[in-house]
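Grab a pencil and work through these exercises with the structure open beside you. Each task is followed by a solution in steps.

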6 protein chains.
Amino acid sequence: MNVSVFRKAHFNAAHRLHNFNWTDERNKEVFGLCNNPNYHGHNYELEVKISGPIDPDTGMVVDLGWLADLIKQEIELRFDHKNLNLDTEEFRNLIPTAENIALVIWQILRAQVPGHLDLGVRLYETPRNFVEVPGS
Amino acid sequence: MNVSVFRKAHFNAAHRLHNFNWTDERNKEVFGLCNNPNYHGHNYELEVKISGPIDPDTGMVVDLGWLADLIKQEIELRFDHKNLNLDTEEFRNLIPTAENIALVIWQILRAQVPGHLDLGVRLYETPRNFVEVPGS
Amino acid sequence: MNVSVFRKAHFNAAHRLHNFNWTDERNKEVFGLCNNPNYHGHNYELEVKISGPIDPDTGMVVDLGWLADLIKQEIELRFDHKNLNLDTEEFRNLIPTAENIALVIWQILRAQVPGHLDLGVRLYETPRNFVEVPGS
Amino acid sequence: MNVSVFRKAHFNAAHRLHNFNWTDERNKEVFGLCNNPNYHGHNYELEVKISGPIDPDTGMVVDLGWLADLIKQEIELRFDHKNLNLDTEEFRNLIPTAENIALVIWQILRAQVPGHLDLGVRLYETPRNFVEVPGS
Amino acid sequence: MNVSVFRKAHFNAAHRLHNFNWTDERNKEVFGLCNNPNYHGHNYELEVKISGPIDPDTGMVVDLGWLADLIKQEIELRFDHKNLNLDTEEFRNLIPTAENIALVIWQILRAQVPGHLDLGVRLYETPRNFVEVPGS
Amino acid sequence: MNVSVFRKAHFNAAHRLHNFNWTDERNKEVFGLCNNPNYHGHNYELEVKISGPIDPDTGMVVDLGWLADLIKQEIELRFDHKNLNLDTEEFRNLIPTAENIALVIWQILRAQVPGHLDLGVRLYETPRNFVEVPGS
């Protein structure tokens, strides 16, 4: 039977929701306060989920120390205390909504997590708004 | 790949668990303290989940402002600061257990959420007891 | 040096804010939705704080098992799954606002907690609204 | 439509991660601080999930009082304030990782929960590390 | 006896810690990642505390609806979805550390809360870092 | 005006409450399950509070990075993943109740925090039981 393990992490970042193919009016209409040209920000809380069989020798699905380190190297160092629109390659041409941030995180981690293990990502933009890439 | 977005809301309400087809003894036996004829109450915490593809123009599955407003109009105005048994049509003949409240909320929202999007509902009656309509 | 120990508990209850000396209009104006004649309800989360010196023989200010039992006997059994206005002596003639409930709880416990120990009470009516009797 | 109900519980325990088939060096390398021969401990927070149809007579999937009592009898009395390695049969020859503890809890409860109901278990070892047996 | 009432609110904002009287090197040394010239951001969680006697007619210290509205008008509209350094008068020449933000909020609210009531402010910059103006 | 800053940290440890001057019967009577000779354990959540004036050059009471590092060096490295009774000097002859652990942490930090700043410590043994050294 497959079991899932979860590890939480967090990063603080500024962002702005803006579609450069649209007029300023259309952007304000769709994105409201999130379109502020001077940016606003969030404490992003991340939950990474990895599913697979328990290794009988270790009693673990994966080493949580390895997972914590992977998240630190690949996600926290990349996004923590950054302006997502200005400071990162990933969101230079991609609107940094919670949905897109979660998808980008999933893609970055998917490339590092062994293929026989399922991977999912949940990202809290605020305690009241969050998104999930159920993954596979 | 489908992504899920979640929005939290809350309402405070009184309720009583009572089956009018049963004797008082049977009601007390099954529902215990929750059968109090003078009602008791809860802070209900609601999580609404909508799943679908990310719109490439907005980077969103749905506009969370629209979803917050839908929940306010359809759920909070209907149930907040109400006696579920006496003040609402929905629970005049339906026992307002957490399971039934979640199902009713799911049905009300399902009628408003576009059909190509999945809908799920989680409802916390207390921080220790909660229910989920996984939906579709 | 004095140290404080805290114990959490909870009870679920229905209530109505209503001043019988006022007109219905005045009650609605002051208490709004909380004046609903059919009641609404909350999950009340209680924190009891006792301060005093550490007993060198036990390493404790008071036995938390004793405190948990005291709260159960004096507060939970009295208020849990009750309609505060109808089912309790304490709020027959006292408006069950969070402030008054906390004060009543403080008075009930003060009579049981040894006089050389300070007593404080914090009561969450919702996760967003709470009150504190700093006590002494 | 199936609905899920959840009940939370908790127990506090000591444990040590150690594979007796390995050298001390290998154990330290794999389990790190968790290999401390004198044990360390956690507040385990448990969420039990049961899924099935709503009984139209009660409005419930299962009686949460029954479920709370089942968890108390089968899990809390067995593991609370215990050293998992020394005081329990279950982990005498099984490494008490969060994954294995969750699986053991799932197996114990599965034997008691009626077969037509799905059963899942989530176990928090810390607020930042948790595991899930999605079950069936 | 005085009783305290608390109300929670929140706002999301971008900020940068920078002292314009210092060299870039000194700023980086003191403020580290928080000195990022492109800003980063937080979900600020605010707790406002007002202490005073219970009004016997209402059972309240102050009307929490009035307090919630005051916080919305004076704090949320001013700071929510803003860049504190660029979009607000208050932090044009004042470094927007959590300490200074809390003090500014206390000063803004102090001017509106009746003088016979004590006022305190707690501000969470993250769930792990927070500050308190005990006030008076 | 003085402002307080708070920093959270955590450590996981095993412990046993036992007074070696007492009989086994007396120990069981007073400490109950916490007297288990094989130990049990907790996730201790620590909040450190430092109060003082805001430095006008930095906008800070103290550098939270320095405080986080101090807590890591002095508290986490000393107590995390340890058996408090067996692995630490501090509790070889002192019963590791939450009260005593908090007091020991306060004493260790007090020796490192500049004397003109107030110091307080809150320690959660579980989410339901916690203690506070208000300090000075």
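**Exercise 1.** At which residue does helix 2 of chain E bend, and by about how many degrees?

*Solution.* Some ground rules: this is a predicted model, where local features need pLDDT of at least 70, side-chain atom pairs count only at pLDDT 80 or more, and totals for chains, interfaces and linings use all residues. Residues are numbered from 1 along each chain as its sequence is written, chains are lettered from A and ligands numbered from 1 in the order in which they are written, and side-chain values use heavy atoms, leaving out hydrogens and water.

Step 1: The bend comes out at about 35 degrees, at E:K72.

**Exercise 2.** Find which residues of helix 2 of chain E are buried.

*Solution.* Step 1: buried means under 20% relative accessible area (exposed is over 50%, partly exposed in between; 1.4 Å probe, protein chains only).
Step 1: the list includes E:L64, E:L67, E:L70, E:I71 and E:E74.
Step 2: look at their partners, among them strand 5 (129-133) of chain C and helix 4 (98-110) of chain E.

**Exercise 3.** Work out which rotation superposes chain C on chain E.

*Solution.* Step 1: superpose by least squares on the C-alpha atoms of residues with pLDDT of at least 70 in both copies.
Step 1: read off 120 degrees, with 0.0 Å of shift along the axis and an RMSD of 0.0 Å. That's a three-fold axis relation.
Step 2: in chain C, C:P134 comes closest to the rotation axis, at 7.9 Å (C-alpha).

Note on methods: Bend = angle between axes of the 7 residues up to and from the residue. Helix = DSSP H or I, 4+ residues; strand = E, 2+ residues; numbered from the N terminus. Contact = heavy atoms within 4.5 Å.
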